[in-house]
Amino acid sequence: MQGIIVVDKPKGFTSFDVDAKLRGICGTRRIGHAGTLDPMATGVLPVFVGTATKAVDMQLRADKTYTALLRLGCRTDTGDITGQILEQTPVPAAVDAAAVAAVLPHFLGEGRQIPPMYSAVKVNGQPLYKAARAGKTVERAPRPISIYHLTLEERTATADYRLRIHCSKGVYVRVLLEDIGRALGLPATMAALRRNASGPYTLEMAHTLDELQSARETDTLESLMLSVESVFSELPSVEVNEETRRRLVNGAPTYRFAARDGRYRALCAGEFLGVCHVEKHILTVEKLFCARS
C-alpha cells in the first residue's frame with residue numbers, strides 16, 4: 001500500500017498522533033506527514049504512506065491557505081488561546097473591522113519572521129518548545145517568508161476577526177496575528193486555525209479519521225489514496241520506452257535523450273516511475289517510486 005491520504009486533522013490531535021492512528025488503519029509503520037499542524041488546529045494534513053514517504057520532503061508546492069481567528073486584546077505565552085494569558089486589555093471602539101482591514105496590506109509580500117518559542121524548530125538539536133516549557137528563551141534567527149493574500153472575512157465578535165491567509169511554507173500564523181495586533185497597538189492571539197489547503201491538497205480531498213477507519217473496515221481504503229505522482233503534478237511529464245525504464249531503474253543515464261533541460265515526471269506506458277532530470281540531452285533519475293523489477 002502506497003500513496004497519499006489527505007486527512008482532515010481533528011482538534012486536539014498532534015500531527016504525530018494522526019501518523020500513529022494511520023499506522024494502525026493502514027497496517028504499516030511507513031507513515032509520514034508534510035506540514036505539521038498544532039494540536040488546536042484543524043484541516044488539511046497530507047499523510048504519506050509506504051514508499052510515498054520518500055516524497056515527504058519533495059513537495060513542489062509548499063504554499064498553504066488558512067482561515068484564522070484573530071483575537072485582539074489578549075496575549076499568551078504560546079501565541080494562541082491554549083497558552084497562559086500574559087496580557088489583557090480592552091479593545092477601543094476605534095479598532096473596528098475597517099481598522100483591521102486597513103493594516104493587512106502592510107503584511108503582504110516577502111518578509112522575515114522569527115519562529116515562536118513554542119514550535120518544533122530545532123536550535124542546537126533541541127526543539128524550541130522543550131526550552132520554552134523549561135522557562136528558557138533561545139535566540140532564533142529570522143526566516144524568510146511570503147504572504148500572498150491576506151483578507152478580512154468577517155468580524156465574529158467584539159474582538160474577534162476571521163482572516164483568510166495564503167502564504168509560503170514556514171509561516172507561523174500565530175506570529176503573524178500577534179504582529180497584526182501590534183500594528184493596531186494591541187496584544188493579540190490566535191483563537192482558531194483551520195488549514196484549507198497545503199500545496200495541491202485541499203479540504204475537498206480530505207477525509208476524517210472516522211471515514212478512514214470505516215474505509216479500512218469495508219476494504220475501500222486504497223480508493224481514498226492519491227497517487228504519489230500528485231506531489232509532482234506541476235512538473236511536465238516525459239514518456240520513456242521499456243529500455244529507458246530499465247536504465248532508470250538501474251540508475252544508469254540515457255544519452256541523446258530528446259527533451260529540454262529540466263525536471264520531469266517519468267512515465268512508461270502511463271505508469272509513473274519517479275522524478276528524473278535532463279541536462280544536455282542526458283536523462284538521469286532523481287528518485288524512483290516504482291518497483292525495481
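## Overview of the chain

Of the 293 residues in the chain, 47% are buried, where buried means under 20% relative accessible area, exposed means over 50%, and partly exposed lies in between (1.4 Å probe, protein chains only). The model is predicted, and local features need pLDDT of at least 70, side-chain atom pairs count only at pLDDT 80 or more, and totals for chains, interfaces and linings use all residues. Residues are numbered from 1 along each chain as its sequence is written, and side-chain values use heavy atoms, with hydrogens and water left out.

The chain has 6 helices and 17 strands; helices (H or I, at least four residues) and strands (E, at least two) are DSSP runs, numbered from the N terminus. Along the principal axes, the C-alpha atoms of the chain fill a box of roughly 70 × 45 × 40 Å. Among contacts between residues at least 6 apart in sequence, 68% join residues at least 24 apart; a contact means heavy atoms within 4.5 Å.

## Helices H1 and H5

Helix H1 (residues 15-26) and helix H5 have axes that come within 10 Å and cross at roughly 15°. Such axes are lines fitted to C-alpha atoms, for helices over the stretch in contact, and the angles run from 0 to 180 degrees between N-to-C directions. H1 and H5 are therefore roughly parallel to each other, given that angles under 35 degrees count as roughly parallel, over 145 as roughly antiparallel, 65 to 115 as roughly perpendicular and the rest as oblique.

On the H1 side, the contact is made by Val 18, Lys 21, Leu 22, Gly 24 and Ile 25, and on the H5 side by Leu 209, Leu 212, Gln 213 and Arg 216. Sorted by class, the contact of H1 with H5 has 5 nonpolar, 2 polar and 2 charged residues. In this scheme Ala, Val, Leu, Ile, Met, Phe, Trp, Tyr, Cys and Pro count as nonpolar, Asp, Glu, Lys and Arg as charged, and the others, Gly among them, as polar.

Leu 212 lies in helix H5, which spans residues 209-217. Leu 212 counts as buried because its relative accessible area is 0%. Not counting residues up to four places away in sequence, Leu 212 touches Ile 5, Val 7, Leu 22, Ile 25, His 207, Leu 221 and Leu 224. Ile 5 is 207 residues from Leu 212 along the chain, and their C-alpha atoms are separated by 9.1 Å.

Gly 43 belongs to strand S3 (residues 42-49). With 0% relative accessibility, Gly 43 also counts as buried. Beyond residues up to four places away in sequence, Gly 43 touches Val 7, Asp 8, Lys 9, Leu 37, Arg 194, Arg 195 and Leu 203. The C-alpha atoms of Gly 43 and Ala 197 are separated by 8.0 Å, while the two residues are 154 residues apart along the chain.

## Cysteines

The structure holds 0 disulfides, a disulfide being a pair of cysteine sulfur atoms within 2.5 Å. Cys 290 is in no disulfide, and the nearest cysteine sulfur, that of Cys 268, is 9.0 Å away. Cys 290 is buried at 13% relative accessibility, and Cys 26 is buried at 10%.

Cys 167 is found in strand S11, residues 160-167. Its relative accessibility of 0% means that Cys 167 counts as buried. Leaving aside neighbours within four places in sequence, Cys 167 is in contact with Asp 63, Lys 64, Tyr 66, Ser 146, Ile 147 and Tyr 148. Cys 167 and Ser 223 are 56 residues apart in sequence and 31 Å apart in space, C-alpha to C-alpha.

## Exposed loop residues

Most residues other than glycine have a negative phi. Ala 269, in contrast, has a positive phi near 55°. Ala 269 lies in the loop between strand S15 (262-268) and strand S16 (271-279), and is exposed, with a relative accessible area of 73%. Lys 280 likewise has a positive phi, of about 55°, although it is not a glycine. Lys 280 lies in the loop between S16 and strand S17 (282-288), and is exposed, with a relative accessible area of 67%.

Thr 82 is placed in the loop between strand S5 (74-76) and strand S6 (85-88). Thr 82 is exposed, with a relative accessible area of 57%. Thr 82 and Val 228 are 146 residues apart in sequence and 35 Å apart in space, C-alpha to C-alpha.
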